[in-house]
Amino acid sequence: MAFWLVVWGLASRVIGSRIILVGPLEVAGRLVELMGTREFWDSVALSLLRIAAGFLAAVAAGVACAALASRVRAVRALLAPVVGAVKAAPVASFVILVLLWVSSRELSVIISFLMAFPIVYTNVLEGIRQTDPQLLEMADVFGVSGRARVRFVYAAQVLPYLRAALSLALGLSWKSGIAAEVIGLPDLSIGEHLYDAKVYLATPDLFAWTAAVVLLSVGIEALVTRGLDALVARWEARP
């Protein structure tokens with residue numbers, strides 16, 4: 001990391017133009033200035049809330065749909081082309097389409113949902129499919145059904161798949177949600193500030209907001225990963 005910061009600083013000196021590239025120290029200073037303003041924290045909080053809402057809705061819908069699809073072949077067949085299309089289509093296409101249907105305030109919610117849902121759905125469905133058939137047979141022999149079957153048979157098999165899905169979907173939701181804000185320009189959002197920095201050629205602001213996005217992404221992913229690891233460890237250690 002230190003090596004690349006030095007390379008970045010040297011590159012900014014060689015180029016010698018603040019519009020094209022600013023050095024890491026100037027970016028850090030500008031970021032500290034922004035963090036001293038209420039507008040910065042309001043924008044971060046609103047962007048986080050919108051993207052988190054879409055991500056959590058995608059997790060709930062993905063798990064529910066995967067559970068249903070594992071039991072009902074028709075549901076699996078109906079969802080397959082939809083999930084495939086969402087995976088294949090560019091994020092920008094969805095952003096422009098969704099912007100025709102909803103206001104810019106809800107745009108990042110829906111985009112983060114669309115980016116996370118296929119990942120969660122696919123991984124959880126695969127986890128259910130990979131459930132040990134011997135465990136299912138044993139559950140049938142002992143008459144284990146309903147919530148007990150989910151808790152003692154499926155959960156242990158699906159949790160590693162769900163953990164991988166959440167880790168991957170979280171970063172994708174965050175990046176696509178910010179990208180949606182740059183196009184939709186909702187008030188008090190990180191995307192709006194990025195767009196303003198680009199329009200006014202405020203390169204230090206552009207780098208500072210980008211650094212904020214990266215730091216938030218790393219911090220959130222670390223928190224979620226640690227929480228999921230603790231949850232999986234607690235589940236595996238249960239009596």
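Me: Which helix is S43 found in?
Reply: The model is predicted, with local features needing pLDDT of at least 70, side-chain atom pairs counting only at pLDDT 80 or more, and totals for chains, interfaces and linings using all residues. Residues are numbered from 1 along each chain as its sequence is written, and side-chain values use heavy atoms, leaving out hydrogens and water. Helices here are DSSP runs of H or I with at least four residues, numbered from the N terminus. S43 lies within residues 38–71, which is helix α3.

Me: Is S43 buried or exposed?
Reply: Buried means under 20% relative accessible area, exposed over 50%, and partly exposed in between, using a 1.4 Å probe and protein chains only. S43 has a relative accessible area of 0%, so S43 is buried.

Me: Which residues does S43 touch?
Reply: Contact means heavy atoms within 4.5 Å. Leaving aside residues up to four places away in sequence, S43 touches L188, S189, I190, H193 and W209.

Me: Are α5 and α8 parallel or oblique to each other?
Reply: Helix α5 covers residues 91–101 and helix α8 covers residues 146–184, and they pack at an angle of about 50°. Angles under 35 degrees count as roughly parallel, over 145 as roughly antiparallel, 65 to 115 as roughly perpendicular and the rest as oblique. The pair is therefore oblique.

Me: Which residues of α8 do V91, V95 and L99 in α5 meet?
Reply: Those three belong to α5, and their partners sit in α8. The partners are S176, A180, I183 and G184.

Methods. Axes fitted to C-alpha atoms, helices over the stretch in contact; angles between N-to-C directions. Helix = DSSP H or I, 4+ residues; strand = E, 2+ residues; numbered from the N terminus.
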